[in-house]
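Let's take a friendly walk through two places where parts of a protein model meet. Keep the picture beside you as you read.

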Amino acid sequence: MAKPILKFAGLFAIVAWCLFPFVWLIDTSLKINDLALNSPNLFEGPIGPNNYLSVIQQGFTYNLRNSFVVAGTTTALCIGMGSLGAYAVARLRLRGKAFLLSGVLALSLFPPVALVPPLYEVWRHADLLNTYQGMIVPYVAFTLPLTIFILTNFFAALPVELEEQARVDGASHLQAFYRIIVPLAAPGVASAAILVFVYAWNEFLLASTFAPRDLDVQTVPVAIASFTGSVQYQRPIGTITAACVIVTLPMILLVLLFQRWIVAGLTAGSVKG
Amino acid sequence: MDFAKRARDSDGGREGEHRWTLSEAALARLFVAPSVLMLALVALFPVLYAGSLSLYLYDGREREGFTGIANYTHALSDERFWQAILATFTFTGSSVTLELLIGLGFALLMAQAFRGQGPTRAVILVPWVIPTVVAAQMWYFMFNIQPGFINHSLPLVPRDFNWLGQKGWTMSALIVADVWKTAPFMALLLLAGLQVIPPELYESARVDGASAWRRFLHITLPILRPTILVALLFRTVDALRVYDLPKVMTNGTFGTETLSMLVERYVVQTVNPGIASALAVLTFATVLGVSIIFVSFLSRNLLLGSRA
Amino acid sequence: MSEKGSDGMSLEELLGRRVDRRTVLRGAALASLSAPALALWLEACQSQSSTPGNTQLTWAVPAVAKEIRQKTADLWNAQHSDSQVRLSVLPEQADQQRQQIALELNAKSSTFDVIAIDVIWTGEFAKNGWLENLDDVRSKLDGVSLPGALESAQWKGHLWAIPYVTNAGFLYYRKDLVASPPKSWDELMSVGLQAAKGQGIAPFVGQGAKYEGFVVNYLEYMWAAGGNLFNKDTSKVLFNANGEALKATQFMRQSLTAGFYAAGFNTMHEEEARITFQSGKAVFMRNWPYAVSLMNKTGDSKVVGKFDIAPLPTFSGQGSVSALGGLNNSISAYSKNKAKAKAFATFAATDPAAQRAIGEASEPPTLASVYKDLAADPVFKVLGQVLPDARPRPPVPKWNDISAAIQDQIFPAYNGEKDPAAAVEAVRKFLESTL
């Protein structure tokens with residue numbers, strides 16, 4: 001059934017589609033000449049590491065650290081709270097599940113840009129401006145709905161007999177949750193974790209409002225938005241692309257690590273095309 | 001699914017049914033409490049506050065008085081609002097459909113085991129991990145007539161094709177950029193759903209002589225239904241609120257001004273908290289309406305707690 | 001029911017193995033991820049401390065040209081060790097700058113002492129009560145700073161900011177293709193079309209995308225036709241009183257359809273126009289002075305030595321008009337160091353060394369004497385001609401709304417999506433509503 005050439009062509013097409021803008025990104029980040037930066041020709045112009053040096057000089061390593069802390073903490077908290085909530089919805093007796101799910105979802109639907117002024121006021125009074133917590137708290141709140149939905153779906157699909165077996169062996173609900181369900185839900189948890197991490201990593205609106213300038217807390221997207229060219233009006237596409245490459249490489253490594261976990265539940269070749 | 005009944009029926013269960021039911025319900029509430037608390041604190045107050053703002057008339061930043069629904073009637077009678085609705089729904093319908101199809105293809109591929117599967121999965125996820133602010137700028141640079149990267153790279157496109165300055169093509173450019181960026185997100189969600197399909201279902205179908213397409217149609221798709229609905233739900237509500245991409249690429253020109261852009265305009269540019277909040281509530285209502293449709297399909301599947 | 005593993009183990013075995021391996025893996029990953037995160041968090045919790053006893057002034061500046069701002073700050077800091085100026089860099093986009101300033105000042109926070117604001121924000125910020133009244137400093141600036149810049153810092157007869165840098169629009173032209181710069185727009189159009197045809201390039205580039213820069217270009221056409229938005233004290237709307245606004249709109253529409261405007265004109269900002277001209281692909285350009293030094297860099301520009309600058313034309317062929325831009329330093333009404341902040345802002349405006357450094361970085365300074373010193377420089381020569389006729393946009397608090405209305409109406413009008421007469425009428429109605 002498998003036609004190797006077709007498969008290979010398909011694979012190549014997919015890789016090309018996903019990567020060609022990235023090729024442009026790397027190419028542009030190496031260009032240092034004004035004309036070259038704005039030329040459609042990939043090979044035009046002198047190249048050099050200037051953009052990367054400029055980016056690092058502006059304290060980008062601090063931004064990377066900040067983003068990592070914020071995104072990592074958000075993910076840990078969100079998965080922790082979300083998996084508990086999802087398990088309750090999927091497995092335990094709870095009144096008003098539909099209402100709960102809908103309410104949780106509805107709250108996260110409001111256009112974030114309209115929430116910024118009132119949230120800013122609250123944050124100011126709570127002294128949460130220019131802090132890690134000031135970003136982590138709303139990020140967790142806004143990613144909980146998706147996490148709960150994904151994990152509920154996942155938990156619900158696991159066979160009930162597993163817990164029953166555990167309870168027969170004397171485990172409480174909590175123990176059944178930790179020792180049986182969570183390990184088996186690893187692919188769902190890993191997927192949700194990646195989604196939350198990337199959301200927190202890329203979030204711009206709240207970060208630029210709550211932690212706009214202080215290098216102690218400024219995250220990557222906000223920093224990139226304050227990059228400038230060397231002259232007035234100049235679009236800093238060289239430094240932006242360099243920053244993007246610096247940011248994406250660890251993310252790719254992270255993804256390479258996680259992707260094994262996403263499909264960890266599957267054994268080799270179980271879903272045959 | 002009645003846990004108590006099952007407990008009573010099984011051989012184990014050292015606890016009496018009365019204690020079991022109580023502890024289960026309490027535990028359930030305990031598990032759910034942190035999430036509910038978090039959301040109530042962070043999301044509920046601003047939403048209610050923003051909603052209340054919409055009932056007042058403003059002149060710029062100054063509150064002038066209570067006005068009830070005047071801001072809403074003003075917003076709903078503005079042609080700009082309806083154009084934003086059209087733009088938003090056009091964008092959402094096109095990009096979500098494309099993302100579902102492409103995402104499903106990606107997911108099926110990622111689920112396979114073959115040499116180089118790891119790097120392939122990483123490559124597929126690359127578009128989505130690039131920060132949105134950068135991706136929007138990147139696609140702007142690629143589509144814009146200056147420097148004209150796409151114009152020069154694609155064979156049939158004229159050198160001075162003005163993607164971002166013509167009606168219709170602006171929307172197409174936005175959709176391409178969004179699909180490129182977000183199809184991996186769909187793929188991830190769908191992949192998680194593919195994981196729960198037991199391999200023996202495929203095995204027995206294959207033994208019975210079913211072709212790959214039939215296996216896909218009769219095994220994969222039905223089991224994947226709740227996952228597809230979840231993926232569609234989240235992707236749709238995100239697409240309905242899209243802001244970064246059109247703002248950077250086209251600034252809302254030539255029919256690409258979305259609802260969120262309209263809201264932002266009154267929050268940041270021509271500041272008027274009354275109109276901004278009214279528009280935000282209207283946007284919220286629109287998005288909520290769409291999501292209710294999805295959830296009603298979904299809850300039947302989720303809450304029953306068992307596979308089809 | 002059993003879950004089949006790769007080697008068909010029983011449920012118990014599988015679960016046992018899975019729990020062990022997964023728990024260990026998970027624990028290890030969590031530990032390895034959280035340990036450095038925790039460490040970094042703790043390290044990040046340390047805050048910056050400032051030396052006690054000294055005042056620290058915070059100067060909020062836009063991200064563009066922040067090196068030049070730093071130079072000004074350095075010059076002050078060298079002479080004032082007891083009140084050091086520290087830059088707080090705002091985002092690159094004007095909208096985001098305004099939003100961040102608004103958030104801080106609306107909350108009455110004392111984070112900023114001195115704020116470098118765009119000339120078009122004076123009225124709005126003053127009306128909101130965010131700025132300190134600076135009438136007492138005026139005597140130091142009269143006759144010292146450029147009058148146009150000084151005017152842009154005033155609202156309702158009071159001074160709300162201190163001039164810092166200024167800006168005005170130029171006409172750039174290819175002197176190897178055009179003998180002398182035309183004095184009227186109609187002549188410029190025909191000369192441009194002619195010269196471009198021979199070369200296979202575009203006649204004209206400017207700022208035609210939907211943003212403030214477009215409003216600047218449009219106003220320059222409207223003023224060139226003799227039009228006005230308001231009268232002198234902004235008590236009456238004069239927009240399109242004699243059809244000037246409509247004429248300007250129709251000129252832009254015609255330029256687009258006749259091919260006078262380069263392809264993609266309606267997506268151009270300052271940079272796209274500059275790059276097109278710098279690559280030799282345009283005969284004329286309307287832009288700010290910053291482009292001159294960039295386009296003279298050999299190896300980076302295809303028009304080195306091939307271009308020159310001149311004042312923008314009018315429709316009548318007489319005189320010239322351009323839009324005034326620039327940055328003024330305002331003092332936050334909530335600053336805790338107002339006296340020192342005022343001293344710094346005045347220094348930035350009147351110190352010859354500081355202003356000359358700005359001029360040498362190719363930004364037009366506001367200290368009038370610098371223009372005499374740098375008269376030999378061709379850019380400053382033309383600047384000296386152009387600046388007296390540079391017109392500020394009306395210093396009204398509602399300027400942002402007006403600009404948005406012009407963008408909403410005139411942008412589709414010149415692109416053929418709206419009837420020009422209807423668009424002009426809509427703008428006029430809106431202007432009336434702001435009075």
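## Where chains B and C meet

In this predicted model, 23 residues of chain B are in contact with 26 residues of chain C. Put together, chains B and C bury an area of about 2,100 Å² between them. Carbon and sulfur atoms give 43% of that area. Which residues of chain B lose the most area to chain C? They are B:R61, B:Q146 and B:F254, and together they make up 27% of what the chain B side buries.

## Charges and polar contacts between B and C

How many salt bridges are counted between chain B and chain C? The count is five. You can look for a salt bridge between the side chains of C:K127 and B:E62, with 4.0 Å from N to O. Chains B and C also have 13 residue pairs in polar contact, counting pairs with both residues at pLDDT 80 or more.

Sorted by class, the side of chain B that touches chain C has seven nonpolar, eight polar and eight charged residues.

## Two domains inside chain C

Now let's turn to chain C itself. Its domain assignment gives domain 1 (33-167 + 324-389) and domain 2 (168-323 + 396-434). The C-alpha centres of these two domains of chain C lie 29 Å apart.

## How the two domains touch

Domain 1 of chain C brings 20 residues into contact with 20 residues of domain 2 of chain C. The area buried between the two domains is about 1,600 Å², and carbon and sulfur atoms give 65% of it. On the domain 1 side, C:I120, C:N167 and C:V386 lose the most area to domain 2, together 30% of what that side buries.

How many salt bridges does the rule find across this domain interface? The number is zero.

Which elements of domain 1 of chain C give two or more residues to the side that touches domain 2? They are α4 (122-127), β11 (322-331) and α15 (378-386) of chain C. The largest share, six residues, comes from α15(C). By class, the residues on this side of domain 1 of chain C divide into eleven nonpolar, five polar and four charged.

How values were computed: Residues are numbered from 1 along each chain as its sequence is written. Chains are lettered from A and ligands numbered from 1 in the order in which they are written. This is a predicted model: local features need pLDDT of at least 70, side-chain atom pairs count only at pLDDT 80 or more; totals for chains, interfaces and linings use all residues. Side-chain values use heavy atoms; hydrogens and water are left out. Contact means heavy atoms within 4.5 Å. Buried area is the accessible area (1.4 Å probe) that two parts lose on being put together, summed over both. A polar contact is a pair of N or O atoms within 3.5 Å; within protein, one must be able to donate a hydrogen and the other to accept it, and residues adjacent in sequence count only if both atoms are side-chain atoms. Ala, Val, Leu, Ile, Met, Phe, Trp, Tyr, Cys and Pro count as nonpolar, Asp, Glu, Lys and Arg as charged, and the others, Gly among them, as polar. Domain bounds come from an automatic or database domain assignment. Helices (H or I, at least four residues) and strands (E, at least two) are DSSP runs, numbered from the N terminus.
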